[in-house]
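Biologist: May we go through the aromatic residues and the nonpolar core of this protein together?

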Amino acid sequence: MAVREDKKEIIIENAVGVFAERGYYKATTAMVAKAAGVTQPYVFHFFENKEELFKAVIDRAFGRIYDTFAEVHAPADQLIETMGHAFEQIIQTQRDEVLMVMQAHAISDLGIREHVSKLFLTMFESLTKKFEKVGIPNAKEAAAHFIGTGLLITLAEVLNLPQLTPGKDNC
């Protein structure tokens, strides 16, 4: 059973790179299978279709970001900056996952759009609760701003346009 789960993880890990590089529509399960060193039917052994594979991959990416933010503890006056630095670290270490999150909201497939919408809502609600808990004023607005800033930072990183985020080192 462990070998089976390892293969599934290998498929997901390789799918991250394929989806990040090619985007959802240009990526194929055949490309994922080749990158993972398995056959295409073996991919379908774990995932019903490309959409389900993509959902598993995007769940992992969001989960990593969600868990990272959940693990950050700091006083109210330092929390957002500390979380921002944690996000920058994710960009450096898990670039392909962050790229997937960046493009996921633009996929027009209804099943994926609804799935990604729920993930962003969960992130927003989690951040709002975290900010409320430490006493950050206007927690909902702060959470929305934090997510928006993260998307802008990612866009600037992807397009190599640091001009979009002047002073980001100062959060």
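Predicted model: local features only at pLDDT ≥ 70, side-chain atom pairs only at ≥ 80, totals over all residues.

Biologist: How many aromatic pairs does a search of the whole structure find?

Modeller: The search finds ten aromatic pairs. One of them joins tyrosine 24 and phenylalanine 54 in an edge-to-face arrangement, with 5.2 Å centre to centre and 75 degrees between the planes.

Biologist: Where in the chain do tyrosine 24 and phenylalanine 54 lie?

Modeller: Tyrosine 24 belongs to helix H1 (residues 2-26) and phenylalanine 54 to helix H4 (residues 50-71), so the pair, 30 residues apart, links distant parts of the chain by the helix assignment.

Biologist: Are those two buried or exposed?

Modeller: Tyrosine 24 and phenylalanine 54 are both buried. They also belong to one aromatic cluster with Phe19 and Tyr25.

Biologist: What sits over the ring of tyrosine 24?

Modeller: The charged end of lysine 50 does, 4.5 Å from the ring centre.

Biologist: And how are phenylalanine 46 and phenylalanine 47 arranged?

Modeller: Phenylalanine 46 and phenylalanine 47 form a tilted pair, 6.5 Å centre to centre with 50 degrees between the planes. Both of these residues are buried.

Biologist: Turning to the core, how many residues does the largest nonpolar one have?

Modeller: It has 52 residues, and those with the most contacts inside it include Phe19, Phe54 and Ile58. Among the elements that give two or more residues to this core are H1, H4 and helix H7 (110-134).

Biologist: What does isoleucine 58 touch, not counting residues up to four places away in sequence?

Modeller: On that basis, isoleucine 58 touches Met100, Val101, Ala104, His115, Val116 and Leu119.

Conventions: Residues numbered from 1 in each chain as written. Heavy atoms only, no water. Phe/Tyr/Trp six-rings, centres within 6.5 Å; stacked < 30°, edge-to-face > 60°. Helix = DSSP H or I, 4+ residues; strand = E, 2+ residues; numbered from the N terminus. Buried < 20%, exposed > 50% of the residue type's maximum accessible area, 1.4 Å probe, protein only. Lys NZ or Arg CZ within 6 Å of the ring centre and 35° of its normal. Core = buried A, V, L, I, M, F, W, Y, C linked by side-chain atoms within 4.5 Å. Contact = heavy atoms within 4.5 Å.
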